[in-house]
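Biologist: Please take me through the terms used for this protein, one by one. I would like to hear what stands behind each label.

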Amino acid sequence: MDIKLEKVGLRRLKPSDAVYLLKWLTNPVVLEFYEGRDFQCSMEIVQEHFYDSDPGVERWSITYDNLPIGYLQSYFVTEEMQQEYHYNGNEKVVYAIDQFIGEPELWGKGIGRTFLRLIQNYLVQEKGAEVILLDPHADNPRAIRTYQAVGFQPVKFLPAHELHEGIMRDCWLMVWYADGRKLQSLPEFMERYY
């Protein structure tokens, strides 16, 4: 299945994408924000992590002009996983996503906003998602601004939430509601934290 809007698209991860994943996950600029610069990637790790594990995860290649430029995964969030996310909503169909653009020269060009809208639409229309969660590092304001631009809202500060480069990093639980619900003023959030 391919989903596309102008030059930006999402398509199911293919075996041939492994070379791109290896390239991206050995680039220290990318690793600063995804996995960590201490992550030692190999083709075996790519195979194990992205192709052989977790059949409940939908894996996508982010494309630009039909060329792979990044990775996105989406998955149903069970009640147990909601506790890990510290999410306490009462919606029944909750999904989460993780993603990165692996080509740093394409950062800041609006591509992230486009592929996020594509996955939001897909998860609502095809999976019945009521809520989508993500948990970016608190020290990544560029990513947080991108998520806010497509309607994700920071709802809970998660101190020492994720191990990254040997340090437990603070994160934000960010939530996107399919019904358009708004919880707080985004300008106030940015003033307070960024």
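Modeller: Helices are DSSP runs of H or I with at least four residues, strands are runs of E with at least two, and both are numbered from the N terminus. The model is predicted, so local features need pLDDT of at least 70 and side-chain atom pairs pLDDT 80 or more, while totals for chains, interfaces and linings use all residues. Residues are numbered from 1 along each chain as its sequence is written, and side-chain values use heavy atoms, without hydrogens and water.

Biologist: What follows helix α6?

Modeller: G151 does, and its phi is positive, near 100°.

Biologist: Which residues of α6 are buried?

Modeller: In α6, residues 141-149, they are A143, I144, Y147 and Q148. Buried means under 20% relative accessible area, exposed over 50%, and partly exposed in between (1.4 Å probe, protein chains only).

Biologist: Why are they said to line one face of the helix?

Modeller: Seen down the axis of α6, the buried residues fall within an arc of 135°, so they line one face. The arc is taken from the directions from the helix axis to the C-beta atoms.

Biologist: What makes Y34 and F100 a tilted pair?

Modeller: Their centres are 4.4 Å apart and their planes at 45°. Rings of Phe, Tyr and Trp (its six-membered ring) pair if their centres lie within 6.5 Å; planes under 30 degrees apart count as stacked, over 60 as edge-to-face and the rest as tilted. Y34 is in the loop between α2 and α3, and F100 is in strand β5, 66 residues apart.

Biologist: Why is Y34 called buried?

Modeller: Its relative accessible area is 12%, so Y34 is buried. F100 is buried too, with 6%.

Biologist: Why are F76 and Y95 called edge-to-face?

Modeller: The ring centres are 5.7 Å apart and the planes are at 80°, so this pair is edge-to-face. F76 lies in strand β4 and Y95 in strand β5, so the pair ties together parts that are 19 residues apart in sequence.

Biologist: Are those two residues buried or partly exposed?

Modeller: F76 has a relative accessible area of 37% and is partly exposed, whereas Y95, at 10%, counts as buried.

Biologist: How do you know that R142 sits over the ring of W107?

Modeller: The charged end of R142 is 4.4 Å from the ring centre of W107. The label needs NZ of Lys or CZ of Arg within 6 Å of the ring centre and within 35 degrees of the ring normal. R181 also lies over a face, that of Y177, at 3.9 Å from the ring centre.
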